[in-house]
Amino acid sequence: MEKYIVKGGNPLKGRVPISGAKNAALGILAAAVMTDEPVTIENVPLVRDTDVIIQAVKSVGAGVTFKEKNVLEIDGSTITSIDIQYDQVKRIRASYYLIGALLGKYKEAKVALPGGCDIGSRPIDMHIKGFTALGADVDIMPGGIVWARAKKLTGAHIYFDMVSVGATINLMMAACMAEGETILENAAKEPHIVDVANFLNAMGAKIKGAGTDVIRIKGVNKLHAVTYPIIPDQIEAGTFMVAAAITGGDVTVCDVIPKHLESISAKLVEMGCEVEEGDDSVRVISKGRLQSTNIKTLPYPGFPTDMQPQFAAALAVAEGMSIVTEGVFDNRFRYVDEMFRMGAKGNLEGNTFYIKGVEKLMGAELCAPDLRAGAALVLAALAAEGFSEIEDIHLIQRGYEDFDGKIRSLGGHIQIITNEHDAQKFKLKVG
Ligand code: EPZ
């Protein structure tokens, strides 16, 4: 089984290119099949999750061609089924986007219930409530298959009880080919919501208000070809910004949209880092030991929940007490026990982690519990004394393109190993 082996202690320095946003790509790759004309998508992050969606649309007959490394052409005209049997699809939560896309275009979809990171209970009741409001019948069949179908979809006024990224994107897709107007109230406002809306509009949809909490969608009969670049990944960029802070380094994340990183930059400044914003880059310079601070995660434009584990890792070696409160998911602290094994101090009470910063963490044998917790453990290992090995790295590879390669390009000592011999070779090489 593949693992990361890491030798901590090297400050990360240099410039790192940021890939396309995974959580925009997953919606856009699903939405691409809603037209019968070829769609070219640029800046597609090559990560496990996007591969699952690509294989899923191929499994029902869509044409998928890589025109360049991160440039995909998708042709939805050759789809022959609405029944996504591809068995991997249930492993990622974003598989539910295929319901919205196929229901919108064909008025029927059968897709396995989402899997994805285990960060608490993650129902899709609001997705189903929205599809039903548009006139669909939705059943959960044996084996966790969601079956949605409608004679026609009619615009509706839908109010989300909770802010939901997935439900907002899913309903934008289903509603953009419904008859009449749909209003989504209490919609999510993340940058990737806006990106999916911009993509659909570029294909001829009529979506207004994405990025605010009220989105208005006027249904159209047909969508058309488009070439569209995905926005840069806010969370990958944030992860490398925290990597600079926790290792005492100086890293510039490139090809980013600094506005999307404002809450992350502000928090790093609170912790004592210097942050310099360029037009499409952000530089984070560590100015010595980090200072403690408090974090409460909230839907955008609040502090992003997907950055919570990474910041907790940095606060574990900051001066003083910090409080991290998770306001979105009910189980996003599965990295805490792993951090304790590295010598982190603190205590977890419900959805609040009280952290007492220590001078140094110690390398350990670790296991990635989920995507962002796994990334946080890599950051902690890069800052720790000695060697660490991290298992279940496939969870990290779900959302980070060439994570270890990008870290090595910044001077970090990390490698993928599959056996003890590789580990010994690495240890001899880095000393
Ligand atoms: C998306 O998940 C992202 N995943 C998550 O990123 C991200 O953490 C999350 O949005 C919040 O920003 C993708 O985009 C593929 P939600 P999603 O619906 O859509 C509850 C990562 O690390 N809820 O906004 O599943 C839900 O349980 C991943 O890249 C319902 O109760 O998140 C959660 O508590 C992890 N019923 C809250 O709402 C529903 O029908 C927010 O979930 C839907 C959601």
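The shell around the ligand draws at least three residues from each of domain 1 (3-18 + 232-430) and domain 2 (22-229), with the domain bounds coming from an automatic or database domain assignment. The model is predicted, and local features need pLDDT of at least 70, side-chain atom pairs count only at pLDDT 80 or more, and totals for chains, interfaces and linings use all residues. Residues are numbered from 1 along each chain as its sequence is written, and side-chain values use heavy atoms, with hydrogens and water left out.

The ligand is surrounded by 28 residues, of which Arg 93, Asp 125, Ser 164, Val 165 and Asp 306 are the closest; a residue is near the molecule if one of its heavy atoms lies within 4 Å of it. By residue type the shell divides into 14 nonpolar, 6 polar and 8 charged, where Ala, Val, Leu, Ile, Met, Phe, Trp, Tyr, Cys and Pro count as nonpolar, Asp, Glu, Lys and Arg as charged, and the others, Gly among them, as polar. At least two residues of this shell come from each of α1 (22-31), α4 (125-133), α5 (165-175) and α11 (371-383); helices (H or I, at least four residues) and strands (E, at least two) are DSSP runs, numbered from the N terminus.

Polar contacts, meaning pairs of N or O atoms within 3.5 Å, can be followed residue by residue. In Asp 306, an N or O atom of the side chain is 2.5 Å from an oxygen atom of the ligand, while Met 126 places a backbone N or O atom 2.8 Å from a ligand oxygen, and a polar side-chain atom of Asn 23 lies 3.1 Å from an oxygen atom of the ligand. On its own the ligand has 820 Å² of accessible area, and the protein covers 93% of it, as computed by the Shrake-Rupley method with a 1.4 Å probe.

Some backbone features also deserve attention. Most residues other than glycine have a negative phi, and most peptide bonds are trans. Tyr 300 and Pro 301, however, are joined by a cis peptide bond with omega of about 10°, and Pro 301 belongs to the loop between β18 (294-296) and α9 (308-315). Lys 107, although not a glycine, has a positive phi of about 65° and is located in the loop between α3 (97-106) and β7 (108-112). Asp 255, also not a glycine, has a positive phi of about 60°, and its place is in the loop between β15 (250-254) and α8 (262-270).

Methods. A polar contact is a pair of N or O atoms within 3.5 Å; within protein, one must be able to donate a hydrogen and the other to accept it, and residues adjacent in sequence count only if both atoms are side-chain atoms.
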